[in-house]
Amino acid sequence: MIVKAAIFHLNNCRSRVRKISITSKYFMIYFILNMKRIFEAFSNRKALIPFIVAGDPSLAATEKLIYDFEAAGADIVELGIPFSDPLADGPVIQAAHQRALKKNVSLKDVFALVKKARKKTEVPIVFMLAENLIEKYGRAKLFTDCEKAGVDGIIVPDMPPEEVGKGKRDTGNVVNEIFLVAPTSDDERIKRIASASTGFIYLVSTTGITGKRLKLSGQVEEMVKKIRKFSNKPIAVGFGISNPAQAKETIKYADGVIVGSAIVDLIAKKQFDQAVKLVAALRKAIDQAGKRE
Amino acid sequence: MFSDLPDKNGHFGEFGGRHVPETLVPVHEAVTEAYLKYKDDAGFRDELDYYLEHFIGRPTPLYFAENLTAHFNGAKIYLKREDLCHTGSHKLNNVIGQLLLAKRMGKKRVIAETGAGQHGVAAATGCARFGLECIVYMGEVDVKRQALNVYRMQLLGAKVVPVTSGSRTLKDAINEAMRDWMAHPDDTFYCLGSCVGAHPFPMMVRDFQSVIGKEAKAQHLESEGKEPDYLVACTGGGSNSIGLFNPFLDEPTVKIVGVEAEGAASLCKGTIGILHGARTYVLQTKTGQILNTHSISAGLDYSGVGPEHSYLKDMGRVQYVTANDKDALSGFKVLSEKEGIIPALESSHAIAHLKKLAPKLSKEQTIIVCLSGRGDKDVDEVRKLLK
């Protein structure tokens, strides 16, 4: 499994990373330890990825939720980094960002949180953050610190692959950079995004912002097929999936589901146990839909 | 050459670009493609020129402000009278251009953001004229302080949506308009009111507003037989200023000044960041949280600025300075009293800078000031402040 993970990783990484001297034992071990987390999340079973905003309502609460979500069946935990203007988010997640900002939670704090959590858990953790936060933090430093803290990947919703500019990862960095495909993306864009994305591909299930939807868009099956034409990387679907039935329907086509607003809504009401229960229910629904062949 | 910018991906040097969620990337690509197809199309140009002349009332005069010139006892001051445009500001120049494009793209639903309400009123006006559905996002705070403009938009048939997220001002209105566009990418056109946002908006808005500078250049040449020595314009998002500046950027003898509101001075006091789809100067904290701004003029009350201005600042082509609320009020008063023209509080920032600039210059030198809008909308506010 570990060898498979390493090969998978090296195949998925950019050419630059591949050039890193593989004879260096240190790097090899490093790659394997880091990369296997996301790889395994998708190889054992279909992946459940809950999203919460880090520091909402406190860093301690977030830490506990990471452990509890893992125990309830989460395969990857996605942490939103608080930002004043989360453009792609609906009112529920916007409010979560505001709550975390009131506590002055910064990227640096979230790195410290992950570092701490890594003593207790190997659950893959990915960050979702606005490009402006990277602009200020520094892209190279971000990747270095992700690696140090044990963050497995980043998702930057307002940064399409063609805008990835200065400070490209220039070390033997193993942090995944996950890009998003939207229902409006055409074949040419899907191809570009799929090739740029590492770890997995984030499929936005529907046009619009994050938040609950009464009905799924019905575009997921078709979109997944389109992406599969260009890539065999795992595909996780997010935006608008809020209950077990929707997760079960979505997972028929995809390799993972991402659930945010429905969980964050419970956290807003301080119903942490309910949030964990929802994760467990989503797990059950996904497992019922059958394992990945 | 400054006139060659931006590049095909919308970059002005390191600024600009298209930093938007993937859902919106193809939507921006489609607008770019349509704009490039029609911008030099004879039919499109003719229709645009027709509306500029007969609906907006262009060309606007380049007015020699004799009394103001005497008052400052220095350079000759010319006012580019955008305040005389239909709806009372330069905003309609851009709106008509974008709506003619929206029509050609077959879009029936138009969304817009507004701060003070000038762009919202212009968008509502254009949509009424062309029979398009119009939804205007406006921060809840601005809805309250600009009640008259809200009613004007409603009279024109637009739906005004108060925005309750974030700081409830212009920045949040733009967020909300972009969110709306993400939800309605197929039938909706986002008529963005300033030279901000993702490519092609900074380029397209600049091009539509460049009619200001093109006219001013020809008018100045006719009255003075030379290029002006200085251009002065207020800069919030920066559409009136880039419109005036653009045709002069490659004239090295013309010195150019952009005046920001002191409480919203992205260029003078901000740092490089990414806001609303562009890399540009932004007022933000050290960790990258966008700051709220304060200005007496709602139209300048914005945490970012058009990316081309960021480039012009870094290249040293344009000098950006600030004027505070008090300076703006004195600009407001002096133009009203000396010339019988009540300027918008936004434009009053440009007028305010004349006090520093004009007396230092010789009587043979000339300054063109963009009088971007009229001040009727601000009379209530000024009355309260001057009490």
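**A walk through the model**

Glu221(A) and Lys225(A) form a salt bridge, with their closest N and O atoms 3.8 Å apart; the term stands for a side-chain nitrogen of Lys or Arg within 4 Å of a carboxyl oxygen of Asp or Glu. Because Glu221(A) and Lys225(A) are four residues apart in helix α10 (residues 220-230) of chain A, about one helical turn separates them. Over all chains, the structure holds 48 salt bridges.

This is a predicted model, in which local features need pLDDT of at least 70 and side-chain atom pairs count only at pLDDT 80 or more, while totals for chains, interfaces and linings use all residues. Residues are numbered from 1 along each chain as its sequence is written, chains are lettered from A and ligands numbered from 1 in the order in which they are written, and side-chain values use heavy atoms, with hydrogens and water left out.

Chain A contains an open sheet of nine strands in the order β5-β4-β3-β2-β1-β9-β8-β7-β6, with parallel pairing. Helices (H or I, at least four residues) and strands (E, at least two) are DSSP runs numbered from the N terminus, and two strands pair if DSSP finds at least two bridges between them. At the edges are β5 (176-178) and β6 (180-181) of chain A, each pairing on one side only. Within the sheet, β2 (residues 77-80) and β3 (residues 125-128) of chain A are joined in the parallel sense by four bridges. Glu78(A) has Val126(A) in β3(A) as its bridge partner.

Helix α12 (residues 261-268) of chain A touches β1 (47-53) and β9 (256-259) of chain A, at about 40 degrees to β1(A).

Chain B has an open sheet of six strands with mixed pairing, in the order β3-β4-β14-β9-β10-β13. Its edges are β3 (62-64) and β13 (318-323) of chain B, each with a single partner strand, so one side of each is left without a neighbour in the sheet. On average, neighbouring strands of this sheet are turned by 25 degrees against each other, direction ignored. Strands β9 (residues 230-234) and β10 (residues 255-261) of chain B pair in the parallel sense over five bridges, and Val232(B) stands opposite Val257(B) in β10(B). Helix α10 (residues 211-224) of chain B lies across β3, β4 (76-81) and β14 (366-371) of chain B, at about 140 degrees to β4(B).

What joins the chains? The contact takes 35 residues from chain B and 35 residues from chain A. About 2800 Å² is buried between chain B and chain A, with carbon and sulfur atoms giving 50%; buried area is the accessible area (1.4 Å probe) that two parts lose on being put together, summed over both. In chain B, Glu22(B), Arg179(B) and Gln289(B) lose the most area to chain A, together 24% of what that side buries. Five salt bridges are counted between chain B and chain A. Glu22(B) forms a salt bridge with Arg189(A), the closest N and O atoms lying 2.8 Å apart. On the side of chain B that touches chain A, α8(B) gives the most, with eight residues.

Terms used: Contact = heavy atoms within 4.5 Å. Axes fitted to C-alpha atoms, helices over the stretch in contact; angles between N-to-C directions.
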